[in-house]
Amino acid sequence: MSKLNNNQIIEGVKIIPLNQIIDERGKVMHMLKKTDGHFVGFGEIYFSTCWPGSIKAWHQHTKMTVNNCIVSGRAKLVIYDPRKESKTYGNIMEIFLGEDNYKLVQIPPGLVNGYKSYGDKMTILANCADIPHDPNEMIKIDPFKNDIPYSWELKHS
């Protein structure tokens with residue numbers, strides 16, 4: 001599966017290993033195609049950049065399924081399940097992604113997510129969403145002042 005850090009799986013989240021074709025010229029990094037079994041639809045693709053130590057959180061989409069992968073750098077992607085009807089209500093999931101752990105994380109609507117960049121260079125996160133961005137379907141939550149039982153502080157144990 002993926003590198004998880006002392007947490008629990010969340011219902012509906014999929015972690016898919018991705019292929020890279022590497023040669024002396026560089027590489028091709030696969031992400032998502034229409035023929036993949038986990039493909040939901042195409043709305044748009046965009047790239048989010050983040051400097052090491054910076055946090056981009058929290059986001060909750062009400063309609064959008066996001067497909068995230070890190071194409072450069074490293075990040076800790078965190079997902080929280082606030083869905084009271086879910087079997088995994090209240091669970092927190094941390095996934096460490098990057099060039100050395102190249103995976104796609106598919107996050108269905110209703111889940112809260114965000115990421116923190118770490119390492120020594122800017123992180124580039126790609127998101128291939130199933131619908132075009134609509135600011136009215138996304139809820140933004142302050143990364144520090146909220147009811148989510150999670151701390152973005154560095155964990156030393």
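The model is predicted, so local features need pLDDT of at least 70 and side-chain atom pairs count only at pLDDT 80 or more, while totals for chains, interfaces and linings use all residues. Residues are numbered from 1 along each chain as its sequence is written, and side-chain values use heavy atoms, with hydrogens and water left out.

Five strands form an open sheet. Their order is β1-β9-β6-β11-β4, with antiparallel pairing. Strands are DSSP runs (E, at least two residues), numbered from the N terminus. Two strands pair if DSSP finds at least two bridges between them. The edges are held by β1 (14–17) and β4 (44–50). Each has a single partner strand, so one side of each is left without a neighbour in the sheet. From one strand to the next, the twist averages 25 degrees. Angles run from 0 to 180 degrees between N-to-C directions, with axes fitted as lines to C-alpha atoms. Isoleucine 16 stands opposite leucine 104 in β9.

The largest pocket holds about 220 Å³ of space. On a 1 Å grid over the protein atoms alone, a pocket is an open set of points where a 1.4 Å probe fits, with protein on both sides within 12 Å along at least five of seven lines; lining residues have an atom within 4 Å of a point. A volume is the space filled by probe spheres set on the points, which are joined across faces, edges and corners. Of the 14 lining residues, Tyr46, His59, Asn113, Tyr115 and Leu125 are the closest to the centre of the largest pocket. Two or more residues each come from β4, β5 (55–61), β6 (66–72), β10 (112–118) and β11 (123–129). The lining comprises six nonpolar, seven polar and one charged residue. Here Ala, Val, Leu, Ile, Met, Phe, Trp, Tyr, Cys and Pro count as nonpolar, Asp, Glu, Lys and Arg as charged, and the others, Gly among them, as polar.

The second largest pocket has a volume of about 180 Å³. Twelve residues line it, and Lys76, Phe96, Lys116, Leu154 and Lys155 lie nearest its centre. Both β8 (92–98) and β10 give two or more residues to this lining. The most come from β10, with three. Three lining residues are nonpolar, four polar and five charged.

Serine 72 lies in strand β6. Its relative accessibility is 18%, so serine 72 counts as buried (under 20% relative accessible area, with a 1.4 Å probe and protein chains only). The serine 72 side chain makes a polar contact with the side chain of glutamate 99, at 3.4 Å. Such a contact is a pair of N or O atoms within 3.5 Å; within protein, one must be able to donate a hydrogen and the other to accept it, and residues adjacent in sequence count only if both atoms are side-chain atoms.

Terms used. Helix = DSSP H or I, 4+ residues; strand = E, 2+ residues; numbered from the N terminus. Buried < 20%, exposed > 50% of the residue type's maximum accessible area, 1.4 Å probe, protein only.
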